Amino acid sequence: MPSTTRRAVLGAGLAAAGSGLLAACSGSSDSGSSAATPSADYLSPDGKEVAAAEAKRGAGPVREVQLTATRTRLDLGGRTVDSWAYGDRLPGQEIRVTAGDTLALTLANHLPEATSLHWHGLALRNDMDGVPGLTQRAVRPGAAYDYRFTVTHPGTYWVHPHSGVQQDRGLYAPLIVEDPKEPLSYDKEWVVVLDDWVDGVDGSTPDGVLAELGRGMGGMDHGGHGMGQMPGMTMGAGQSSPAPAGPPRMMMGATSPLLGGDAGDVAYPHYLVNGRTPDAPETFTAKPGDRVRVRFVNAGGDTAFRVALGGHRMTVTHTDGFPVEHAETDALLLGMGERYDVLIEAGDGVFPLTALAEGKKAAALAVLRTGGGAAPDASARPRELDGTLLTADRLKADRSVLLQGRRPDRTIRLDLTGSMAKYDWAINNKKYAPERRCPVAAGERVRLAFVNRTTMWHPMHLHGHTFALPGGGPRKDTAIVRPGQRLEVDFDADNPGLWMLHCHNVYHAESGMMTVLGYLR
């Protein structure tokens, strides 16, 4: 199996992305500046600045991992489907390292299409970020790719492709970075991955769903350049955009006051906890009184989940890998890509862990068992779902990670545009193109001003950095922006390269709601 080297990939594959004059991010500042910036003024993903930043991170013990993306049959619990996954399990095998380790992972591609691997939430070296056409060339069928970088910050993260809508198959796995000086004490730890599922059900595929949604555009090309890839870089020879397959999956009329309006675009047939349907849920076991750390990950494509554990309160300790001032709640709201860590003290009995598909009148389910009793069924809706609900804007960053007060050196305005009718999702009315970048400079405090001009909520995700929510809010890499909302977040430009910024609704991103932050030389 051929292995692709990073230097060869970037030398041959990114020349096209770095040629010609590059338009600055349209509406990139509140003053409306749109001056063009020559491509030579942007750092390269494999440039000396990126190597220097990695050298400062040091090189700890090497943790070697093999990961194979392959076609397989998955048992969802009474329902078996043909899909793509990492190995033969859903979610993929957990990757667990310690902060300071060097992670050396080889991705083998046994899929019929090219793929990639993105490390959601990690501030890592830019050429390892896994975005085809921007930071690497896509991994062709039958090839392998070596990812190697230092992992610096503990927390709950996950991995998935950045190629088309592959993430909405079974291609995802949790990535846990342990803290060598862990301040929390607990008896058990559970990783809970939430997902919405359509692949392989009655002939449906995520590509077919995208084709169905895209018909609202009146025949225009709905694919853009996909989740970071360039034309011709991910599809196999002779392949073309698929026609809609399976029954209709477009969702109409799904609304949620929590999300400010429309809840989602896709009516999924199944909602999963750790790859299991509510009819055959995963059961977590503990002893009454055990203190349990639960790491929640929303790996869904189009669904926000409202999560509660029947008979229990949860103490939130982290979001998106970073600690917060501890806060108690009955329920949590997770947009796609978001993560939350909580502590619970296990009661005596059997309890439903319910993840309500917000606005979609369905739910995923797992079970906590500490004693005897009948297990809850798929209809379980614990009262905590309607109790105190904690959202990210109500959290405060822990003092150890608080972003210090400073006026922004640069404000980048990002109008979120598009509609369900035309399925023309974009940023500043421009669909994604890898050569269009929003310039930033190393050392700047940058403010991102998200202005949602759509009737849909968008979970906006920044690669390679964390930003701070206003007013001493938590450090995050993914934040919900509701319809009509202006959300301003700040980050320090301390990780050189070319970084994606996009909606983490996989269908919105694939339709064009993505852009690039580019570091200037």
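Visitor: Leaving aside its neighbours within four places in sequence, which residues is W119 in contact with?

Guide: In this predicted model, W119 is in contact with L103, L105, L124, M128, D129, Y147, F149, W158, V159 and L175.

Visitor: And which residues touch the most other members of the largest nonpolar core?

Guide: Those are W119, Y147, F296, L448 and Y507, in a core of 119 residues. There is also a second, separate core of 15 residues, and V81, L90, Y172 and V193 are among them.

Visitor: Back to W119. Which residues do ring pairs link into a cluster with W119?

Guide: The cluster links W119 with Y145, Y147 and F149.

Visitor: How many aromatic pairs are there?

Guide: The count comes to seven. In one of them, the ring centres of Y145 and Y147 are 4.7 Å apart and the planes are at 55°, so the pair is tilted. Y145 and Y147 are both buried.

Visitor: What about W190 and F284, why is that pair stacked?

Guide: Their ring planes are at 20°, and planes under 30 degrees apart count as stacked. The ring centres lie 4.7 Å apart. W190 belongs to strand β12 and F284 to strand β16, so the pair ties together parts that are 94 residues apart in sequence. Are they buried or exposed? Both W190 and F284 are buried.

Visitor: Which open sheet has β12 in its order?

Guide: An open sheet of six strands, in the order β15-β12-β17-β22-β19-β20, with mixed pairing. Its edge strands are β15 (270–273) and β20 (322–329), and each pairs on one side only. From one strand to the next, the twist averages 20°.

Visitor: How do β17 and β22 pair?

Guide: β17 (residues 291–298) and β22 (residues 339–345) pair in the antiparallel sense, over seven bridges. F296, which we met in the largest core, has Y340 in β22 as its bridge partner.

Visitor: New topic: why is β18 largely enclosed by the rest of the structure?

Guide: Five of the five residues of β18 (residues 305–309) are buried, so the strand is largely enclosed. F305, V307 and L309 are on one side, with R306 and A308 on the other. In a regular strand, side chains alternate between the two faces of the sheet.

Visitor: Which strands do bridges join to β18?

Guide: Five bridges join β18 to β23 (residues 350–357), and four join β18 to β21 (residues 331–334). Both pairings run antiparallel. R306 has L356 in β23 as its bridge partner, while F305 stands opposite L334 in β21.

Visitor: Last one: where does the charged end of R169 sit?

Guide: The charged end of R169 sits over the ring of W84, 3.8 Å from its centre. The charged end of R437 sits over the ring of Y42, 5.4 Å from its centre.

Note on methods: Residues numbered from 1 in each chain as written. Predicted model: local features only at pLDDT ≥ 70, side-chain atom pairs only at ≥ 80, totals over all residues. Heavy atoms only, no water. Pairing = 2+ DSSP bridges. Helix = DSSP H or I, 4+ residues; strand = E, 2+ residues; numbered from the N terminus. Axes fitted to C-alpha atoms, helices over the stretch in contact; angles between N-to-C directions. Core = buried A, V, L, I, M, F, W, Y, C linked by side-chain atoms within 4.5 Å. Buried < 20%, exposed > 50% of the residue type's maximum accessible area, 1.4 Å probe, protein only. Contact = heavy atoms within 4.5 Å. Phe/Tyr/Trp six-rings, centres within 6.5 Å; stacked < 30°, edge-to-face > 60°. Lys NZ or Arg CZ within 6 Å of the ring centre and 35° of its normal.
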